[in-house]
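Here's a quick briefing to read next to the model. Have the sequence and the coordinates open as you go.

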Amino acid sequence: MHLKRLEIHGFKSFADRINLVFKPGITAIVGPNGSGKSNIADSLRWVMGETNLRNIRGTKTDDVIFSGSEERKPLGMAEVTLVLDNTDQTLPLDYTEVAVTRRVYRSGESEFLINRVPVRLRDIQELFFDTGLGKEAYSVISQGKIDAILSVRPEDRRSVFEEAAGIMRYKVKKNLTLKKLGETENNILRIEDLLQELR
Ligand code: ATP
């Protein structure tokens with residue numbers, strides 16, 4: 001699997017639609033200070049389902065939307081599409097090319113799409129579990145992240161290794177199942193109470 005293309009429109013400093021094509025051999029993005037290199041990394045993290053705004057250097061949801069400049073008015077929407085070559089079927093989808101899109105509007109409304117089909121945020125996050133990409137992954141390391149990994153609590157640091165070891169998917173599913181189990185147990189208790197009242 002490799003990153004083929006990144007289409008950015010209205011995300012942070014990118015008011016115009018840009019299409020970055022990552023041909024094999026491209027290993028670095030260079031540019032003057034403040035030209036938007038880190039914004040590209042942020043867009044990548046965001047489209048793969050990042051929900052912690054601090055990790056994309058923001059504080060509010062609409063911080064990712066182009067906020068205007070001297071020459072241009074602010075935009076109402078940010079959109080990023082990540083196109084991956086999936087000929088090796090690393091992603092569990094029957095497509096050789098997978099396009100993941102995330103959009104957010106100033107109203108706060110969000111949209112997520114996989115190959116143009118609307119999905120939930122969770123579907124995007126699950127798609128990338130254990131692939132080395134995605135929210136908890138180690139493929140996009142921002143400035144300061146290495147220090148952060150070294151200084152966090154051991155149990156938090158463990159999540160990086162769990163993703164690399166390929167068990168993150170199961171851990172998240174286990175937690176969801178435990179939550180449902182808890183809810184079901186509560187429902188059973190409530191039904192038993194009702195039954196007692198009816199007797
Ligand atoms: P450096 O080399 O200094 O780290 P960089 O190339 O990584 O710089 P970025 O941090 O990606 O640059 O870009 C910073 C620029 O993006 C700033 O000029 C900032 O004003 C602009 N920017 C960030 N968010 C928005 C937004 N929502 N709307 C418009 N511009 C934005």
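Contacts between residues 24 or more positions apart make up 52% of those in the protein chain with a separation of 6 or more; a contact here means two C-beta atoms, placed from the backbone, within 7 Å. This is a predicted model, where local features need pLDDT of at least 70, side-chain atom pairs count only at pLDDT 80 or more, and totals for chains, interfaces and linings use all residues. Residue numbers start from 1 along each chain as its sequence is written.

**The chain overall**

- The protein chain has 5 helices and 6 strands, with helices (H or I, at least four residues) and strands (E, at least two) taken as DSSP runs and numbered from the N terminus.
- Going along the sequence, the pattern reads β-β-α-β-β-β-β-α-α-α-α.
- The C-alpha trace spans about 75 × 40 × 40 Å along its principal axes.
- Of the 199 residues in the protein chain, 21% count as buried. For that label, 20 or more other C-beta atoms must lie within 10 Å of the residue's own; exposed takes 12 or fewer, partly exposed is in between, and C-beta atoms are placed from the backbone.

**The sheet**

- The 6 strands make an open sheet, ordered β2-β1-β3-β4-β5-β6, with antiparallel pairing. Two strands count as paired if DSSP finds at least two bridges between them.
- At the edges sit β2 (18-21) and β6, each pairing on one side only.
- From one strand to the next, the twist averages 20°. Axes are lines fitted to C-alpha atoms (for helices, over the stretch in contact), and angles run from 0 to 180 degrees between N-to-C directions.
- Strand β1 (residues 2-9) pairs with β2 over 4 bridges in the antiparallel sense, and Glu7 stands opposite Asn19 in β2.
- Helix α1 (residues 37-47) packs on the sheet and touches β1, β3 (77-85) and β4, its direction making about 80° with that of β3.
- Helix α2 (residues 121-128) also packs on the sheet, where it touches β4, β5 and β6; its direction makes about 40° with that of β5.

**Two hairpins**

- Strands β4 (residues 97-105) and β5 (residues 110-114) run antiparallel, joined by 5 bridges. Arg102 has Phe112 in β5 as its bridge partner.
- That hairpin leaves 4 residues between the strands, and Gly108 takes a positive phi near 105° there.
- Next along, 3 bridges join β5 to β6 (residues 117-119), again antiparallel, and Ile114 has Val117 in β6 as its bridge partner.
- The β5 and β6 hairpin has 2 residues between its strands, and Asn115 in the turn shows a positive phi of about 45°.

**Other positive phi values**

- Most residues other than glycine have a negative phi.
- Arg116 has a positive phi of about 70° although it is not a glycine. Arg116 sits in the loop between β5 and β6 and is exposed, with 8 other C-beta atoms within 10 Å.
- Arg57, also not a glycine, has a positive phi of about 55°. Its place is the loop between α1 and β3, and Arg57 is partly exposed, with 16 other C-beta atoms within 10 Å.
- Just after α4, Gly166 takes a positive phi of about 85°.

- Helix α4 is hardly covered, with a buried count of 1 among its 12 residues.

**Around the ligand**

- The ligand is surrounded by 14 residues, the closest being Ser13, Asn33, Lys37, Ser38 and Asn39; a residue qualifies if its C-beta atom, placed from the backbone, lies within 6 Å.
- By class, this shell holds 2 nonpolar, 9 polar and 3 charged residues. Nonpolar covers Ala, Val, Leu, Ile, Met, Phe, Trp, Tyr, Cys and Pro, charged covers Asp, Glu, Lys and Arg, and polar covers the others, Gly among them.
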